[in-house]
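Please consult the sequence and the structure shown below alongside the text.

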Amino acid sequence: MTGTEPGTRNNGFARAGGKARDMVAPVPGAASVPGAASVPGTAVVPGAGAAPGGGSGPLRIALVSEHASPLAALGGVDAGGQNVHVAHLAAALAARGHRVVVYTRRDAPDLPDRVPLRPGVEVRHVPAGPARHIPKDRLLPHMAQFGRFLARDWEKDRPDLVHSHFWMSGLAALRATGDLGLPLVHTYHALGTVKKRHQGEADTSPAGRIAIETDIGNGCNRIIATCRDEVAELTAMGVPPRHCTVVPCGVAVDRFTPHGPAAPRGEFPHRLLQIGRLVPRKGAAVSIAALARVPDAELLVVGGPPPDRLDEDPEVRRLRDAARAAGVADRVRFTGGVGADEVPALLRSADVVLCPADYEPFGIVPLEAMGCGTPVVASAVGGQLDTVADPGTGRLVPPGDPEALAGAVNALLADPAQRAACAAAGRRRVLDRYGWDRVAAATEDVYRDVLARRPAAATVTGAA
């Protein structure tokens, strides 16, 4: 927030020539009321009991998640951790007595305008571009329309606070909140600098993403980062760490539990499992290469298109070719995308869950596996550096290293007692730190602190 006193929101943009604001059209007739922004750069321990600011009554909260609907099935190219995060955060906030509306883009013509998700949570489908699936990296031209809808809706039904998720949601929300004088909290989920560093020319992000992300970070009232690595990345981008509060993602500890059915196993003595979006950066090719060094084990790859469309998926074809080249095609099985209710049983069925991403902004799968009492071997990147305690709950290995991945897996498979110890420690860690009740409590603390810092004339009272 260069050139802005602590405690004030920067509604202009010194960086990138005001790029973010230029890309979202103004809302005619709306008054601009500056908000407030400043935050100590300290991590929040979920449920730590910090006294909340801004009162104690229920809040009207708008969550903006332009491409990641909480209603989506998991495992598609653009359906993964953010969908889970938004759905569970909304539910946990509602369980604390708040009213939550989630705004997500209408991506099919038959979707109703409003869908109740659970008591206290409603999903609102926003008309922005054609009502069909559009890859998220092609959604930027529709964010002006998305933002105008938000402003119109919030003029009629004003929330106390807006929390945007992902950079394009932040872009759409930034103008609407600025013009209406609403406080804005933002969670990135992923950063363009990291994606560009790892994908290079293969990065399909729109031009200007990094500059816009910097503008959002300097223009919102608070950033909720999901891990310490993200704060360091934002600092390098020019966003002061005092504007960030770390609140991790969570896991549904009552669903992801060691107790319950396990999915059927194959003929091999051991099962390795990888689950998530089927995109190259998630490292399934590394898992396949590692499998060649892990005898007597099968690899179940969960995610991607529906099962009946696996054969036409280019990433599946690439991975099958890699499995044939490595001589393990008979030990690799692709399930396609699965429903959320199928995931716990799949995790329980594995001896080890693999999370070998090239980079991982947070990574919910390690938490889900640990919740189910399954050891994790993960790449030592991003949020996994915070979540996976090596050697207590699993192992951390260098990204892109099949030999290191195989070595860690083989050591665990050869030592049932160590696997059992990791399983018990992982479950304890999840219960102690990552339950959604704790994450929602910490998130609410951030909201109330933001509201407490706003000038008295701009403060919005909580919902009755």
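In what order do the six strands of the open sheet lie, and is their pairing parallel or antiparallel? The order is β11-β10-β9-β12-β13-β14, and the strands pair in the parallel sense. The model is predicted. A further open sheet contains eight strands and has mixed pairing.

- Strands β9 (residues 270-275) and β10 (residues 297-302) run parallel and are joined by six bridges.
- Within this pairing, Q274 has V301 in β10 as its bridge partner.

**The eight-stranded sheet**

- The strand order is β3-β4-β2-β1-β5-β6-β7-β8.
- Here β3 (114-118) and β8 stand at the edges; because each has a single partner strand, one side of each is left without a neighbour in the sheet.
- From one strand to the next, the twist averages 25°.
- Five bridges connect β1 (residues 60-64) with β2 in the parallel sense, and I61 has V100 in β2 as its bridge partner.
- Helix α7 (residues 228-237) packs on this sheet and touches β7 (222-225) and β8. The direction of α7 makes about 135° with that of β7.
- Strand β5 (residues 161-165) runs parallel to β6 and is joined to it by four bridges, with S164 opposite H186 in β6.
- In a regular strand, side chains alternate between the two faces of the sheet.
- Both faces of β6 (residues 184-187) are covered: L184 and H186 are buried on one side, and V185 and T187 are buried on the other.

**Helix α2**

- The 15 residues of α2 should span 21 Å at 1.5 Å a residue, and the end C-alpha atoms are 21 Å apart, in agreement with that value.
- Of these 15 residues, 12 are buried, so α2 is largely enclosed by the rest of the structure.
- The buried residues of α2 include Q82, N83 and H85, as well as V84, V86, L89 and L93.
- Just after α2, G97 adopts a positive phi of about 100°.

**Nonpolar cores**

- The largest nonpolar core has 55 residues, of which L63, V100, V102, L273, L347, V353 and Y447 touch the most other members.
- Helix α15 (residues 436-453) supplies the largest share of this core, eight residues.
- Leaving aside residues up to four places away in sequence, Y447 touches L59, I61, L63, L89, L93, L161, H163 and V185.
- A second, separate core comprises 43 residues, among them Y103, A151, A173 and V239.

**Salt bridges**

- The whole structure contains 25 salt bridges.
- R96 and E444 form one of them through their side chains, at 2.6 Å from N to O. This pair links distant parts of the chain: R96 is in the loop between α2 (81-95) and β2 (99-105), whereas E444 is in helix α15, 348 residues apart.
- R265 pairs with D351 in a salt bridge whose closest N and O atoms are 2.9 Å apart. R265 lies in the loop between β8 (244-246) and β9, and D351 in the loop between α10 (343-348) and β12 (352-355), so the pair ties together parts that are 86 residues apart in sequence.
- R265 is partly exposed, with a relative accessible area of 35%, whereas D351 is buried, with a value of 13%.

Definitions and conventions: Residues numbered from 1 in each chain as written. Predicted model: local features only at pLDDT ≥ 70, side-chain atom pairs only at ≥ 80, totals over all residues. Heavy atoms only, no water. Pairing = 2+ DSSP bridges. Helix = DSSP H or I, 4+ residues; strand = E, 2+ residues; numbered from the N terminus. Core = buried A, V, L, I, M, F, W, Y, C linked by side-chain atoms within 4.5 Å. Buried < 20%, exposed > 50% of the residue type's maximum accessible area, 1.4 Å probe, protein only. Contact = heavy atoms within 4.5 Å. Salt bridge = Lys/Arg side-chain N within 4 Å of Asp/Glu carboxyl O. Expected span 1.5 Å × (residues − 1). Axes fitted to C-alpha atoms, helices over the stretch in contact; angles between N-to-C directions.
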